[in-house]
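Please look over the sequence and the model below. The paragraphs after them go from the whole chain to single residues and pairs.

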Amino acid sequence: RCLMARVMAEDAFEAVVGAHHAEIRRYVLRITARAGDADDLSQETFLRAFRAHRSLPPGANVRAWLFAIATNLCRNHFRAQTRRRRAYAAAALDRSEMDPAWPEGEALAGEARARIERVVAGLPVKQRLAFTMRKMHDLDYGAIGASLQCSEESARAHVFQALRKIRRGLDGLIPVRTESQP
């Protein structure tokens, strides 16, 4: 009986993976902008979900739960990435002090991204996550709030602030015609 119940639970979880894996991967890809990171983080999302799915209450919103797991993994990923960047910057500074021939252009190599990617990537993590969940994955504010561990109103505010910053960051990129222009 125990084996049969386990097989049935695994089959049900495979259905969850089949139904949501592509969307979770796209979400993580939009957040990280790297296919390799998206593959790793989406796999880790489903690994953690598999370990915890038995504790999920009946009738729970599985989609929102998976987004919450993916969101937490993205947060952890960015925290680790920030620590790595600081370590690399410190190492590069040490190297440039030791080797005066070190090209200054190396420090600016990361500035090759398109403007919109820079603006979105420059958003605070909660705003970037909320914006991506709302505008790219069409999640409602309740699900976004659950994923970010905040209220529905806070989720709405995060999306609003992200949109405001994106608009400000893109000002002047595309000339906007108004009716008063000939």
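The accessible surface of the chain comes to about 12000 Å², and 55% of that area belongs to carbon and sulfur atoms. Such areas come from the Shrake-Rupley method with a 1.4 Å probe; for residues, only the protein chains shown count as cover. The model is a predicted one: local features need pLDDT of at least 70, side-chain atom pairs count only at pLDDT 80 or more, and totals for chains, interfaces and linings use all residues. Residues are numbered from 1 along each chain as its sequence is written, and side-chain values use heavy atoms, with hydrogens and water left out.

Of the 182 residues, 30% count as buried. Here buried means under 20% relative accessible area, exposed means over 50%, and partly exposed lies in between, with a 1.4 Å probe and protein chains only. Among contacts (heavy atoms within 4.5 Å) with a separation of 6 or more, 67% are between residues 24 or more positions apart.

How many aromatic pairs are there in the chain? The count comes to two, where rings of Phe, Tyr and Trp (its six-membered ring) pair if their centres lie within 6.5 Å, and planes under 30 degrees apart count as stacked, over 60 as edge-to-face and the rest as tilted. One of them is Phe13 with Phe50, an edge-to-face pair with 5.2 Å centre to centre and 65° between the planes. Phe13 lies in helix α1 and Phe50 in helix α2 (residues 35-52), so this pair ties together parts that are 37 residues apart in sequence. Phe13 is buried, at a relative accessible area of 8%, whereas Phe50 is partly exposed at 29%.

The rings of Tyr27 and Phe67 also form a pair; their centres are 4.8 Å apart and their planes stand at 65°, so the pair is edge-to-face. Tyr27 is in helix α1 and Phe67 in helix α3 (residues 62-98), 40 residues apart, and the pair links distant parts of the chain. Tyr27 is buried with a relative accessible area of 0%, and Phe67 is buried with 0%.

Helix α1 (residues 2-32) also holds His20. Is His20 buried or exposed? His20 is buried, because its relative accessible area is 17%. Leaving aside residues up to four places away in sequence, His20 touches Phe46, Val62, Arg63 and Leu66.

On the α6 side, Tyr141, Gly142, Ile144, Gly145 and Leu148 meet Glu152, Ala155, Arg156, His158 and Val159 of α7. By class, this contact has five nonpolar, three polar and two charged residues; Ala, Val, Leu, Ile, Met, Phe, Trp, Tyr, Cys and Pro count as nonpolar, Asp, Glu, Lys and Arg as charged, and the others, Gly among them, as polar.

Lys135 sits in helix α5 (residues 125-136) and is partly exposed, at 46% relative accessibility. Not counting residues up to four places away in sequence, Lys135 touches Val159 and Leu163. Lys135 and Leu163 are 28 residues apart in sequence and 9.8 Å apart in space, C-alpha to C-alpha.

Definitions and conventions:
Helix = DSSP H or I, 4+ residues; strand = E, 2+ residues; numbered from the N terminus.
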